[in-house]
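Hello,

Here is the structure I said I would pass on. Please open it first, then read the notes below.

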Amino acid sequence: MEERGYQVFAPEEDEPDKQSDVFFNDHMIENRDISEAAFKVASNIIQSDEIHTCDALSASGIRGFRFNEFSDHLVLNDVNPNAVESIEKGLEANGIEAEVTNKDANIILTENRNRFHLIDVDPFGPFTTFLDSTARAANHDSFVGLTATDNAVPAGSYKKTCMRRYGSTPLKESFMHETALRIYIHEAFRNFARFDKCFEPKLAFQHRHYCRVIGRVTESKKRTNQQLENTGFLSFCPDCRWRVLEKEKRDECELCGHGVANAGPLWIGKFSDRRFTEKVLEEMPAEWEDGREIVERVDSEAEIITPFYDLHELCSNMGVSSPKRDPVIEKIHEKGYPISRTHFSPTGFRTDAPLDDIKEAITEVRKERAG
Ligand SMILES: C[S@@+](CC[C@H](N)C(=O)[O-])C[C@H]1O[C@@H](n2cnc3c(N)ncnc32)[C@H](O)[C@@H]1O
């Protein structure tokens, strides 16, 4: 098999899973496309003469092969001996040199304290059990990419598991995938902070069954203290659908006085950095369509903080049928508010406009369409 010109040695399966001899999921190509472009950009930001890269849960090795171009030392690791065989075949076929190890990811990362400038952690399920060792292995100036596939947990389907695994309360509402992404970022930040390392998200997104968080790591107590300001809670009014991300929990809705539901602790700052996502897009060829579409969307919404609104949710709350999304976006824009679509949902939009003005815009668009 091939991906983006690299040969891959893994069984062809419709639905690869944990039981596969060697795991290779060709549907995750957009994750690897985005990760390659993001790490390439990162390699130019990092202040180091040499870039040491670790693909800690490498499976067939495809992800690591794609990091070769901008890495001076590449470590590809997997606990599965069959995977290691595939990695070695792939390295030879693709003419790539790397150190290959067959260890638990926590061991290889812990053995390489402060060494790596680029670390990829792409496990089955949550990344939580690899965070401590990743924080140890991360250089004082580095980037880390984390994938999590247990999205149902921080998205609110398993509240107790979420509290146990992330120490956080989820909220199963229309923006639950954003809540999940913010819980993941908070978890990464907290774990790095314990090592006086600051993890700041540079490009994070949710897609299909997974979330991906790529962040910059700097060793700085001062910076970590400053970024603590980006940890807090999401308050949401189930009555009028008002929402806010703030340092402290609210009791009452600012608009209607109804009691609110809270999620968190979670990340309340930007989940992506536009200066970074723009550079990532420059590294993504036009034919990497799916990945580009995700990054373009994330790029357009990166500066707006309020959790996204779902148009159908708001219309059902107002007791009216839903007009088309784009005229509503245009109307809110005409009112002078920044607004964008969101990568989280085709019927969603992101704006810091007050909820009353958003509802007014929906009413105006409906009237114009009717008249
Ligand atoms: C989702 S796959 C990785 C896919 C790969 N990154 C890609 O993009 O194709 C997860 C891999 O982690 C490996 N793995 C699971 N637990 C591990 C551990 N504790 N240490 C190292 N590897 C582990 C599995 O053998 C499997 O190959």
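**What was found**

Of the 371 residues of the protein, 56% count as buried, where buried means under 20% relative accessible area. Please keep in mind that this is a predicted model.

On the overall build: the protein has 14 helices and 15 strands. Its C-alpha atoms fill a box of roughly 65 × 40 × 40 Å along the principal axes. Does the radius of gyration agree or disagree with that of a compact globule? It agrees, because a compact globule of 371 residues would have a value near 21 Å, and the protein has 21 Å.

Contacts come next. Among the contacts with a separation of 6 or more, 65% are between residues 24 or more positions apart.

Which way do strands β14 and β15 run relative to each other? They run antiparallel, with β14 covering residues 339-342 and β15 covering residues 345-351. Four bridges join the two strands. Together β14 and β15 form a hairpin, with two residues between them. To locate the pairing, look for Ile339, which stands opposite Thr351 in β15. While looking at the strands, recall that in a regular strand the side chains alternate between the two faces of the sheet.

Regards

Methods:
Residues are numbered from 1 along each chain as its sequence is written. This is a predicted model: local features need pLDDT of at least 70, side-chain atom pairs count only at pLDDT 80 or more; totals for chains, interfaces and linings use all residues. Side-chain values use heavy atoms; hydrogens and water are left out. The radius of gyration is taken over C-alpha atoms; the globule rule is 2.2 Å times the number of residues to the power 0.38. Buried means under 20% relative accessible area, exposed over 50%, partly exposed in between (1.4 Å probe, protein chains only). Contact means heavy atoms within 4.5 Å. Two strands pair if DSSP finds at least two bridges between them.
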